[in-house]
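Me: I would like a close look at a single part, the interface. Please follow it with a short tour of the aromatic rings.

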Amino acid sequence: MTIRLKPVDAVIIGFGWSGALLAEALSGAGLSVLALERGQFRDTAEDFPPSRAPDELRYAVRHDLVVKPAENTITFRNRADQTALPVRAWGSFLPASGAGGGGVHWNGQTWRFRPSDFLLKSTIIERYGKNFLAPDLTIQDWGVTYAELEPYYDRFEYLCGISGKAGNLGGKIQPGGNPFEGARARDYPTPPLTMPYAPTLFAAAARACGYHPFPQPAANLSRAYTNPLGVTLGACSYCGFCERFGCGNYAKASPQTTVMPVLRRRPNFSLRTGCTVLTIAHDGKGGKARGVTYADESGQVFFQPAEIVVLSAYTFENIRLLLLSGIGTPYDPASGKGVVGRNYSYQTTSSVQLGFADTLLNPFIGAGALGMVVDDWNGEHYDHGPLGFIGGAYLAALATNGRPILNHPVPPGTPRWGAAWKRAVAKSYLRTTRLLASGSSLSHRGAYCDLDPGYRDRFGRPLLRLTFDFHPNDLKMSEFVTARLAEIARMMRPDWLVVAKRQAPYSIVPYQSTHNVGGAVIGGDPATSVVNPYLQSWEHDNLFIVGASAFPQNPSYNPTGTVAALALRAAEAITRRYLRAPGPLT
Amino acid sequence: MQTAWWAVVFLLCAALPASAEDRVREGAYLTVLGDCAACHTPPGGAPFSGGRRIPTPFGTVIAPNLTPDRETGLGAWSEDEFARALRFGRRRDGGFLYPAHPYPYFARFTRAEAGAIHAYLATLAPVHQAARGADLSFPFDLRFLLRFWDALYATPAPPLPDPGHDALWNRGAFIVTGPGHCGACHTAKTWLGGDVAARAWQGGVVAGWVAPALDGDPRTGLGAWSAAEIAAFLATGAAHGQLASGPMAEMVTLSGARMTAADREAIARYLKSLPPPPPSPPPPQPPPAVMAAGAGLYRLRCAPCHGRDGEGTPGLFPRLAGSAVVIAARPDTVLRVIRDGARAAATDAAPTGAAMPGFAATLDRAAIAAIATYIRNSWGNAAPAVAASAVTP
């Protein structure tokens with residue numbers, strides 16, 4: 001029996017960064033807000049004390065902060081002519097679960113996308129002509145510009161206390177920052193982290209190559225900071241346990257360390273954990289969303305009526321809940337029509353590992369977003385004409401993930417086990433580092449999500465099916481940027497070096513990136529998008545779909561900054577405009 | 001916002017003839033100054049409905065129901081009866097209340113103020129909540145003996161205003177020695193639970209928490225604090241590198257943060273006028289082996305938050321260097337916080353409410369004692385070493 005609950009003004013599905021930012025804005029505007037989170041409640045001191053948090057087996061290997069595949073997973077195939085199989089152990093990406101979502105276990109790399117990223121299709125066509133685009137690419141403009149998002153990027157950076165160095169203040173290029181970034185109104189709230197040795201060597205080599213290295217913008221704070229809500233964060237201790245871990249030092253920006261202390265004090269906000277939303281109820285196309293049906297941990301089912309529904313789960317669950325609820329036309333890869341599940345894209349990563357005989361790099365000194373980056377081969381500021389591909393990558397040396405269980409690098413040719421292997425690990429651990437190329441991923445006709453015809457979850461609902469392989473454009477791009485990365489690596493004069501290229505077919509087994517994006521994308525045209533530029537559903541004006549599911553294609557950068565900026569812009573549109581005049585926001 | 005409202009209320013109360021509504025508002029504000037909710041409002045329960053168990057060195061006292069329920073609350077109490085109980089610790093039948101009710105301080109309330117509090121409590125929704133009384137060990141369970149306690153300790157405080165001081169100081173003196181009942185925690189107690197007059201404001205220990213000295217001692221008291229820092233601490237629970245936790249966190253959230261800024265300033269003014277005590281001899285040097293063990297443990301377990309030199313982070317992690325709580329004669333707070341952890345006060349002005357995890361599960365008694373000894377004797381701190389046997393498992 002479904003229990004009908006008292007209506008609330010707004011119900012939020014999923015309490016990660018997006019859900020927390022919407023919760024803060026909507027409850028701050030006086031609405032009664034209920035957030036439903038499928039995972040557990042988590043608090044810094046209780047769940048990530050520094051005496052316990054650096055448990056690599058529990059968090060990095062056994063994925064304690066990640067949704068259990070037995071509770072929810074996806075099925076996967078590379079191409080539509082294959083049969084998809086369920087993921088039973090996460091590999092290529094790690095969808096979070098629990099209060100704070102991925103904002104708890106992220107690395108903290110906090111980027112802004114660049115102005116041309118939001119106008120990708122029109123920029124390419126304008127510069128190289130229509131024929132430059134492969135016919136199966138489905139990239140599109142966002143319907144929102146960098147200039148429109150800038151204030152919200154700024155707000156998020158100041159909410160988190162991001163550590164970094166501006167490269168472009170109001171159009172004026174700043175030495176030491178990223179000269180290719182979009183203009184920002186002001187500098188980062190806290191200065192860059194102190195650079196360890198490997199990124200320092202990388203930066204010197206990159207400079208020698210004629211590039212423009214700058215410190216990675218980081219949500220691992222270089223110094224203590226009190227945000228505009230009055231919440232205080234601490235300074236990073238460079239312990240190196242960021243990605244896949246919660247921070248015990250209050251030093252990594254997360255919903256816990258930035259907005260939850262304020263939400264906790266608001267009587268008109270509540271967070272219910274262990275609650276899995278099953279469907280979104282609605283009046284049919286053009287009508288209103290009416291609320292959500294959810295199950296608690298005992299299996300009891302509730303109906304929660306709400307005036308506003310915010311869908312802010314992970315990308316995959318955003319798409320699946322739309323499909324399960326009959327919202328939006330499902331994408332049909334045969335005809336190319338339909339929108340829900342369309343334009344899935346990922347991240348095209350590659351790396352170079354390099355080791356030294358005598359130089360100590362001390363990789364145990366680390367943080368999530370601690371490193372130096374060059375953006376010279378990223379985006380649209382170099383001529384792609386002769387290269388024959390779209391996109392690019394940022395190239396980085398990050399002092400991260402130097403933990404001992406999963407990281408024991410050895411030079412090529414070392415035996416795989418035994419005394420020689422042990423000797424090599426003991427020598428190489430302190431003398432090895434890895435450079436990264438984080439490359440863009442273009443949406444194409446054959447990359448999409450739909451409901452699996454066979455596999456079902458514990459509630460009997462179809463799993464989401466992912467069909468994805470790297471587009472030839474992205475492989476070509478990766479080949480090019482990886483060669484540039486190797487050039488910088490050689491300039492560092494290592495004693496050995498291994499180039500790890502990205503090759504097709506895409507494998508879902510080795511970890512690459514939890515930047516699964518698209519499937520419910522933003523845009524100005526209902527025929528090619530699920531939400532308008534305010535993340536408002538084209539079908540139900542009181543439904544807002546927030547998260548990286550809105551990205552029409554993935555630029556090279558990590559997505560969180562843009563997810564947050566879009567969320568804050570949507571939140572402001574709701575509180576300033578939608579509440580006054582409910583209806584489509586244009 | 002709240003502070004501004006109270007300020008308006010207070011000014012109105014001071015300026016106007018007391019209409020019934022003004023009296024209720026005055027009474028409500030006086031319950032804030034008296035921090036009455038700390039004992040009489042159960043956590044998460046109806047305001048002033050009582051039933052909360054208050055631990056004392058002599059046993060447990062149950063805070064009674066102050067709502068106007070006729071059977072279990074104050075519904076049947078006359079204003080005079082209430083005023084006598086509030087100010088002089090007498091029950092309706094004339095018997096004695098246990099001095100867990102801080103009536104020796106509340107004697108500062110005028111009869112009119114007591115009436116205002118009674119008028120305010122009468123406006124609350126009546127709650128039927130019968131738990132009251134006490135569970136004390138012999139001979140403290142013999143209420144008639146309180147007659148002698150009264151004679152010993154319920155001594156009349158010096159009259160106010162003191163013409164030798166200005167109005168702000170006098171207001172501070174009224175709050176600190178009256179409704180605020182600061183000495184209930186911050187003055188050492190005799191074995192009978194009375195104030196040790198000679199050691200007034202030199203700090204005490206309450207329910208396993210050190211209440212540091214409020215006198216002018218630059219190390220153990222407020223000598224190094226500015227008046228502005230004291231006022232900020234009362235408002236937010238965070239100032240001078242320190243954070244309120246334990247009973248003081250409750251005092252800040254229920255009372256300090258809800259007072260008028262003027263009253264916090266008055267308290268600070270009065271406290272800053274308290275002289276330092278006579279100097280005491282330095283404690284003996286701690287054993288070097290214990291200090292070395294403590295230094296190693298500290299660097300691994302504590303320094304990531306509290307800093308390599310005990311400097312802390314304002315508003316987030318308390319500063320240990322120069323902390324009065326850390327170097328207090330008794331290490332109770334230091335030991336309990338290392339063992340069980342603690343959560344700082346969260347207020348509208350400083351909502352972080354950061355918490356420290358407990359280490360009882362991962363550190364043995366010797367290790368906890370070594371860390372305590374180390375932080376009590378580093379970065380300029382000096383306090384007696386802590387023996388492993390002093391750590392409660």
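Reply: Across the interface of chain B and chain A, the rule finds 2 salt bridges. A salt bridge is a side-chain nitrogen of Lys or Arg within 4 Å of a carboxyl oxygen of Asp or Glu. Asp43(A) and Arg343(B) form such a bridge, with their closest N and O atoms 3.0 Å apart.

This is a predicted model: local features need pLDDT of at least 70, side-chain atom pairs count only at pLDDT 80 or more, and totals for chains, interfaces and linings use all residues. Residues are numbered from 1 along each chain as its sequence is written, chains are lettered from A and ligands numbered from 1 in the order written, and side-chain values use heavy atoms, without hydrogens and water.

Now the contact itself (heavy atoms within 4.5 Å). Chain B gives 20 residues to it, and chain A gives 20 residues. The two chains bury about 1400 Å² between them, and 58% of that is on carbon and sulfur atoms. Buried area is the accessible area (1.4 Å probe) that two parts lose on being put together, summed over both.

Next, polar contacts. Each is a pair of N or O atoms within 3.5 Å; within protein, one must be able to donate a hydrogen and the other to accept it, and residues adjacent in sequence count only if both atoms are side-chain atoms. Between chain B and chain A, 6 residue pairs are in polar contact, both residues at pLDDT 80 or more. On the side of chain B that touches chain A, helix H13 (288-306) and strand E9 (355-357) are the elements that give two or more residues. Helices (H or I, at least four residues) and strands (E, at least two) are DSSP runs, numbered from the N terminus.

Now the rings. Phe, Tyr and Trp rings (for Trp, the six-membered ring) pair if their centres lie within 6.5 Å; planes under 30 degrees apart count as stacked, over 60 as edge-to-face and the rest as tilted. The structure holds 45 aromatic pairs over all chains. Phe118(A) and Trp142(A) are edge-to-face, because their planes stand at 70°, with centres 5.0 Å apart. The pair links distant parts of the chain, 24 residues apart. Phe118(A) is buried, at 0% relative accessible area. Trp142(A) is buried too, at 0%. Buried means under 20% relative accessible area, exposed over 50%, and partly exposed in between (1.4 Å probe, protein chains only).
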